[in-house]
Amino acid sequence: MFGNFIKSIFWAAALLGLLHSSLASALDSVTLQLKWTHAFQFAGYYAALEKGYYEQAGLDVRLKEAIPGTDPVQSVLSGDAQYGVGTSSLLLARKAGHPVVVLAVVFQHSPLVFVARRDKTALGTQGIHDLIGKRVMIEPQSDELMAYLKQEGISADRLKQIPHSFQPQDLIDGRVDAISAYVTNEPYYLDRARLDYQIYTPRSGGIDFYGDNLFTTESELKVHPERARAFREASLRGWQYAMEHPEEIAELIYQKYSQEHPKDFYLYEAQRMETLLRTDLIEVGYMTRGRWQHIANTYAELDLMPHDYPLDGFLYAANHRPDPSKLYLTLALLAVVSAVAIYIYRINRQLACALSESRAAEERIRHLAQHDPLTDLPNRALFADRLEQALANAKRDQQVFAVMFLDLDDFKLINDNLGHDIGDRVLQQVAYRLRASLRESDTVARTGGDEFIALLRNTKGTLEILAIAEKLRDALAQPFLIDDHSLNVSASIGIAAYPEDGIDSVALLKHADEAMYAAKRNGRNRVQIYGQT
């Protein structure tokens, strides 16, 4: 009897195995071509695979890492992969006649930069023009970097271009003078090697592109529309999970995909990616036609593509479903094409004007996402981005910088007695005075209500920091003339300095806030440094 029981278990297990094999064989096999070696920049795809999101979508996905010389566009066009990860140069590939289609955007701001060894023998500040005549490794699909060079008047033939090895050690050892790199990746090793280096970003030249775009081909969408939809949705679901659980995914990458880097590297990468993905403001995958048109216009201004290049077919319509009514609409349009031709001619100029306005609205939306609408100062999100940049620069160059919390004293009385309209105008004047009193390299942001926060970069130490703080306090102490009112406003200011009062953004913000409240307790209208009485 016991033997029969064992046999039953055996056959049940065998049946389950066959069932599992049958289900596995029913999955649709596809390949995703990565644009780099395994790293956290592809975290969403690892999460989608390991958490079963792809399998739930009926997909058996293979992740193919890049090797030196890999071009994801060519891999997808050749059929070696059905999907790929590429830069915004996908637009140039489309213009060249390649039927690529962008499914989703991962990085709202491209992390692609030039990193160059600092020349200690050079006089003055190094700039992008110092790359002329230097040995530079540039990876495939780096057209935005080439556009940056062209905008700066540097032709590609003035660089000694070398195939990219994907090894930052080549820059550390001096085998090359500069490399194309991700600001989220290579600086980790350069900092550990204590290399003195300089970063050149296209964003400094107004070239702000999308990065790490998920793409496919028109053929894939035509033949397998549901597969493309399922792959996109599962991938974005994976990205959402990865950014919410960075430590788990960093451990996964290290244990299963690559031990080429230490786990700390993947965590560093995850932290630096936060300000580029901006998942605190928008969902992963978000993209707009207006932003892509801006990218196209940037390329056009650099003579890399024609002006007003049409984006039709280049951007994936996520909610697209086949609609047979389009056939009838087309027939109807053919019947009246002669009449509408005249109409189109008459409104052509109006449509052109509406498209300038559309671009301006897109730029305005981007601006509002990073600025306070009342004072036009940077908001908390943009300040956090600049604080992280200041931290990176300070750690690399051993600089001293400070964070200041400013809170207006008894500002509530102005709102209560004179109304919020007067209060808002006071806040606008406060913002103007703060901005006018700081150095060009500094940042002041409004974080809410009557609270402001300032970032003083690359200071000479405590004496200079205190001098700037007193300058701000004096500027606010002058009467505010609003209509018939002469209003007196003071501020309590708390200061935390790097590295003495904290070595990360959390500690610096916390300590500056505590110092500000200490200034309040000690009588208000005063400056307080953290830890001092």
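In these legends, a residue is called buried when its relative accessible area is under 20%, exposed when it is over 50% and partly exposed in between, with a 1.4 Å probe and protein chains only. The model is predicted, so local features need pLDDT of at least 70 and side-chain atom pairs count only at pLDDT 80 or more, while totals for chains, interfaces and linings use all residues. Residues are numbered from 1 along each chain as its sequence is written, and side-chain values use heavy atoms, with hydrogens and water left out.

**View 1. Y188 and F265, an aromatic pair between two helices.** Rings of Phe, Tyr and Trp (its six-membered ring) pair if their centres lie within 6.5 Å, and planes under 30 degrees apart count as stacked, over 60 as edge-to-face and the rest as tilted. This rule gives 15 aromatic pairs. In one of them, Y188 and F265, the ring centres are 5.4 Å apart and the planes stand at 80°, so the pair is edge-to-face. Because Y188 belongs to helix α8 (residues 187-192) and F265 to helix α12 (residues 263-277), the pair ties together parts that are 77 residues apart in sequence; helices here are DSSP runs (H or I, at least four residues), numbered from the N terminus.

**View 2. The aromatic cluster around F265 and Y266.** Y188 is buried at 11% relative accessibility, as is F265 at 2%. The rings of F265 and Y266 have centres 5.4 Å apart and planes at 80°, so this pair is also edge-to-face, and Y266 is buried at 0%. One aromatic cluster is formed by Y188, Y189, F265, Y266 and Y268.

**View 3. The charged end of R433 over the ring of F480.** A charge sits over a ring if NZ of Lys or CZ of Arg is within 6 Å of the ring centre and within 35 degrees of the ring normal. The charged end of R433 is 3.6 Å from the centre of the F480 ring.
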